[in-house]
Amino acid sequence: MTVATNPAYAGPNPKDYGLPDERELAAWIARSGYFPAFSPPTAASSSQTPAAYSPAVVPKAFPAAPLYTPELPVAPSASAATAGIPRVGEVSLSKIRADFPILAERVEGKQLVWLDNAATTQRPRQVIDRLVHYYEHENSNVHRGAHTLAARSTDAYEAAREKIARFLGAPGKDNIVFVRGTTEGINLVAQSFVKPNLQPGDEIILTVAEHHANIVPWQLIAEETGAVLRVAPVDDTGQIILPEYTRLFNKRTRFASFAQVSNALGTILPVEELIAIAHRFGVPTLVDGAQSVSHIPVNVTALDADFFVFSGHKIFGPTGIGAVYGKKALLEAAKPYQGGGNMIADVTFERTQYHEAPEKFEAGTGNIADAVGLGAAIDYVTSLGLPHTARYEHELLAYGTKELLKIPGLRLIGTATQKASVLSFILDGHSVEDVGQHLARAGIAVRAGHHCAQPILRRFGLEATVRPSLAFYNLPEEIDALAQALRQLTH
């Protein structure tokens, strides 16, 4: 499918533009299925296979989740620091920022303003210290040794798997496979579960909002099998057009894969509806959670997700580590696409017997230390409370939107009412590279380019944008610094 561009799109009218209000945000969090408690497995959530999906399945009504008390006005003022230190739940921003050593860094002679969180988040001291402790006191291979350090390392590694399962609302830790990150996770699902079941003419549904990591793996297996990719469009705000998505399904549809949050636009896709629609047609799904897990509560059981993938470095953890959640029956049905040690129960030259999932997908020595570090990052985010951090980031996004729209010639790209953490824009008369370099000289780190999401940018007639992106350690004053630097450039 060729995705049409829309060069005539003129961007938002500031008078019409708005983010969800407090009640809408609370309702969305409730719909997301967030439950802080660990949910035990159920027959429906742990044993369902694609063949078992009923055409009568309809979108579920998720129970209300615990809400939280507002801590900031919807649009914090530039003088927020003098009016009182901003807080995330019960924790002050000053304390949170003190946990991140790199935020004290100076670049180009200026105080670092880190607004490149969609590319990678920074690491708190608690994660750094956990990695040091691992290498100083626990370093060993896992699952195989009878000595003390092997036991310590195995316990730490499996404890991290358990933390991820709880964080995602998975039935148990056996639903969690460690991988290098979202990209490897999508490739694992594509090669191990989807590809073996494809015939020429079978179809895989994507959306135009996807990162390249959720496009190229599907292209590769389509080329090898003769399968066809079909692409759901977005409207002028960057939100999926649900009727068009629904119309793509037919008797040849075998899989659907989509992001929960667009990395280029920040759009929060209605994944609960996307999953439910696919299940009505008996089609399993994958949710790319790279841009969502650090910003909004996720409960894979409540969503009825078949597969969910994310990267550690997008949630304040180490690089080179991530996880795949999969329903147990689907993981058992999938074939390993890498072989080696650790994933086998018995090997002869005639045949190999594999371990059950998740071990059968973890060939060789894994990234043990960084898995433990990811567990520490999950602990840190959980201690703050995702409902609290989501609320604060929403308020900061609303403030940033308001301030950027005051700048003459600035056009926001991606104006859906459900957004997370991204303020993608272009500036009349200036290339995105020039804007990025100008901001870098002011000590402000943003992404300037295509963000590995060329199809969605071309939908808006563009090849690149400037993309400031937010995290819960950012301040209103940093938005002010961004706006001031952009005004200097326009003048």
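**A loop residue and its surroundings**

Mentor: Phe316 is placed in the loop between strand S11 (307-311) and strand S12 (322-326); here helices (H or I, at least four residues) and strands (E, at least two) are DSSP runs, numbered from the N terminus. The model is predicted, with local features needing pLDDT of at least 70 and side-chain atom pairs counting only at pLDDT 80 or more, while totals for chains, interfaces and linings use all residues. Residues are numbered from 1 along each chain as its sequence is written, and side-chain values use heavy atoms, with hydrogens and water left out.

Phe316 has a phi near 70 degrees, a positive value in a residue other than glycine. Is Phe316 buried or exposed? With a relative accessible area of 0%, Phe316 is buried (buried means under 20% relative accessible area, exposed over 50%, and partly exposed in between, with a 1.4 Å probe and protein chains only).

Glu108 is not a glycine, yet its phi is positive, at about 55 degrees. The loop that holds Glu108 runs between strand S3 (106-107) and strand S4 (110-111). Glu108 counts as exposed because its relative accessibility is 57%.

A further loop, between strand S8 (228-232) and helix H9 (242-247), contains Asp235. A relative accessible area of 28% makes Asp235 partly exposed. Apart from residues up to four places away in sequence, Asp235 touches Ile241, Arg459 and Phe460, where contact means heavy atoms within 4.5 Å. From C-alpha to C-alpha, Asp235 is 9.0 Å from Ala416, although the two are 181 residues apart in sequence.

The loop between strand S14 (352-354) and H13 holds Pro358. Ala357 and Pro358 are joined by a cis peptide bond, with omega about 10 degrees.

Next comes a helix, H10 (residues 271-280). Eight of its 10 residues are buried, so H10 is largely enclosed by the rest of the structure. The buried residues of H10 are Val271, Glu272, Leu274, Ile275, Ala276, Ile277, Ala278 and His279. Gly282 follows H10 and has a positive phi, near 75 degrees.

The largest nonpolar core has 104 residues, a nonpolar core being a set of buried Ala, Val, Leu, Ile, Met, Phe, Trp, Tyr and Cys residues joined through side-chain atoms within 4.5 Å. H13 supplies the largest share of this core, nine residues. Leu168, Tyr245, Ile456 and Leu486 have the most contacts inside this core. Leaving aside residues up to four places away in sequence, Leu168 touches Ile176, Val293, Val298, Asn299, Val300, Phe308, Phe310 and Tyr325.

The protein chain has 17 helices and 19 strands. Of its 491 residues, 57% are buried. Among contacts between residues at least 6 apart in sequence, 74% join residues at least 24 apart.
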